[in-house]
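This report describes the fold of a protein model, its sheets, its domains and the contact between its chains. The sequence and structure are shown below.

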Amino acid sequence: MAEKQAPRLDLPWRDARPGGVVVETGNSETYITGTWRTMRPVRDMDQCTQCLICWIMCPDSAITVEDGKVAAFDYAHCKGCGICAEQCPVNIKQPHSVTGNLGKVIQMVPEGDE
Amino acid sequence: MVTSKYMPLDGANAVSQAMRQINPNVVAAYPITPQTAVVQNFSEYVADGIVDTEFVPVESEHAAMSACIGASAAGARVMTATAANGLALMWEMLYIAAGMRLPIVLTVVNRALSSPLNIHCDHSDSMGARDAGWLHFYAETGQEAYDNTIKAIKIAEHADVLLPVMSCQDGFITGHGVERVGLLPDEAVKEFVGGYDPKYALLDTDHPVTMGAWDFTDYYFEHKRQQSEVLNSCLPIVEAVSKEYEQLSGRDQAILDCYGMDDADVAIVVLSSQAGTTRSVVRELRAKGVKAGVVKPRLFRPFPATQLVDAIKNCKAVAVMDRAISFGAMGGCGPLFLDLTSALFNLGVQLPVVNYIYGLGGRDTMPSDIASAFADLQEIAATGTRGELVRYLGLRD
């Protein structure tokens, strides 16, 4: 996907586009919403069944898929809503690779808790 | 100038006829007395194939304005109609239509807002929406309602305006009152309004845009400043379109309709149908040697402040008549009074002005009521004492 150009944030009022019409389509991608996050989703890649339900349910298109498989969380846009962790249907047999807890393949951890 | 064909029409039907001639792409509307006749007549034109309009019978006025916004954003020429509580239910969407700069034309058949429940005329519905960012026309007659509806399309869609327009007339008084209405030839209206070529349209998939998007702390203020500038500076465009329509129709379309104002000592400023009663009283007073006058603004938003002040500045006393109360405003005055007196103050003109609240809930205001207001004004002019700021006409005391 081509690199999107962020809208200018310094235009004086006379030069703003009437009605707030956005002609640079898809430029919401340049708007970094990952900073809003207080909880971060983490995935145990080894125990993930690749059902893609998290990808379907994510309201911010923040789960990237490559070759039909989930690749990563887009942490620049993930707001940490936790829908992916809530919707994840897979109960893991082994402790989670990131959290060490049992539960789901996707789990939420507090931001800043490295 | 073209020759109008005269027909006996009520004001609502006159507006339906204008809508038929305009032939908008989309009309989304919900019925409410006394507006119902407007879209009821129009829906028959749709059903009979007389117009090409996509008619959307929605489930509420909020939905009506929402559908209008969607259709307008898609690139359509859009109209709707409502009144009273229906207009109130549109409230949220009124601001969105204006903020998105969508040239929707809404005809309002003015009616009192509940509660208590009342279906008759006053201006509390559209006056409550006066800060929503729309242009507001007020019609004295069914003829003016017809004329304003046609002008509204051309003004709203003007490239330097792109704002929605509310075209109001008095419920029942003109809305249901049959009068002689001159209709322009269909072709003349078609040519006058022309085609609509939106700058941005959601259905123009070759030029994709996003409308109504998130506008954060970094642009909302700039967009509102811009919106305010456009509304406040579009008066010359309104005047130019009105002049063009005046030449086409042969009917006066001045922003201010003045009678007896050249040398008036005492004057009344009043919107819509009550101007007719007032004019007849002025005529009688002038026959008795009283220098009385009446100013009827055809436009309330943008407020023609300079023109109004110029019209009344040489008077010795002026009354502003309001068919709505701005509840809690100074003295319980009305919105027209508030705007006009602030215009006088800010343009440095000092003269005694009183406010008459009249006609709420359709209460008749008779020539004798107007005559009593003029008698009050003559006394104020003679004594220089203004007296009570806010007064009531036709109220049982």
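## Basis of the description

Two strands are taken to pair if DSSP finds at least two bridges between them. By this criterion, strand β2 (residues 26-29) of chain B pairs with β3(B), in the parallel sense and over four bridges. Within this pairing, B:Ala28 has B:Val56 of β3(B) as its bridge partner. The model is predicted, and the values in this report are computed from it.

## Overall form of chain B

Chain B contains 14 helices and 15 strands. Its C-alpha trace spans about 70 × 55 × 45 Å along the principal axes. A compact globule of 397 residues would have a radius of gyration near 21 Å, and the value for chain B is 21 Å, so the two agree.

Of the 397 residues in chain B, 51% are buried. When contacts in chain B between residues at least 6 apart in sequence are considered, 80% of them join residues at least 24 apart.

## The seven-stranded sheet

Seven strands of chain B form an open sheet in the order β3-β2-β4-β5-β7-β6-β12, and the pairing is mixed. The edge positions are held by β3 (54-57) and β12 (299-301) of chain B; each has a single partner strand, so one side of each is left without a neighbour in the sheet. From one strand to the next, the twist averages 20 degrees.

## The six-stranded sheet

A further open sheet of chain B is built from six strands in the order β9-β11-β10-β13-β14-β15, again with mixed pairing. Here β9 (256-259) and β15 (390-393) of chain B stand at the edges, and each has a single partner strand, so one side of each lacks a neighbour in the sheet. Neighbouring strands of this sheet are turned against each other by 25 degrees on average, direction ignored.

Within this sheet, strand β13 (residues 317-322) of chain B runs parallel to strand β14 (residues 353-358) of chain B, and five bridges join them. B:Val318 has B:Val353 of β14(B) as its bridge partner. Helix α13 (residues 335-346) of chain B packs on the sheet, where it touches β10 (266-269), β13 and β14 of chain B. The direction of this helix makes about 145 degrees with that of β13(B).

Chain B is divided into domain 1 (5-249) and domain 2 (256-393). The centres of these two domains of chain B, taken over C-alpha atoms, are separated by 28 Å. Across the boundary, 26 residues of domain 1 of chain B are in contact with 19 residues of domain 2 of chain B.

On the side of domain 1 of chain B that touches domain 2 of chain B, the elements giving two or more residues are α6 (124-128), β6 (135-139), β7 (165-170), α9 (220-233) and α10 (235-249) of chain B. The largest share of this side, five residues, comes from β6(B). By residue class, this side of domain 1 of chain B divides into 14 nonpolar, eight polar and four charged residues.

## Contact between chains A and B

The contact between the chains takes ten residues from chain A and 17 residues from chain B. On the side of chain A that touches chain B, seven residues are nonpolar, three are polar and none is charged.

Terms used
Residues are numbered from 1 along each chain as its sequence is written. Chains are lettered from A and ligands numbered from 1 in the order in which they are written. This is a predicted model: local features need pLDDT of at least 70, side-chain atom pairs count only at pLDDT 80 or more; totals for chains, interfaces and linings use all residues. Axes are lines fitted to C-alpha atoms, for helices over the stretch in contact, and angles run from 0 to 180 degrees between N-to-C directions. Two residues are in contact if their C-beta atoms, placed from the backbone, lie within 7 Å. Ala, Val, Leu, Ile, Met, Phe, Trp, Tyr, Cys and Pro count as nonpolar, Asp, Glu, Lys and Arg as charged, and the others, Gly among them, as polar. Domain bounds come from an automatic or database domain assignment. The radius of gyration is taken over C-alpha atoms; the globule rule is 2.2 Å times the number of residues to the power 0.38. A residue is buried if 20 or more other C-beta atoms lie within 10 Å of its own, exposed if 12 or fewer, and partly exposed in between; C-beta atoms are placed from the backbone.
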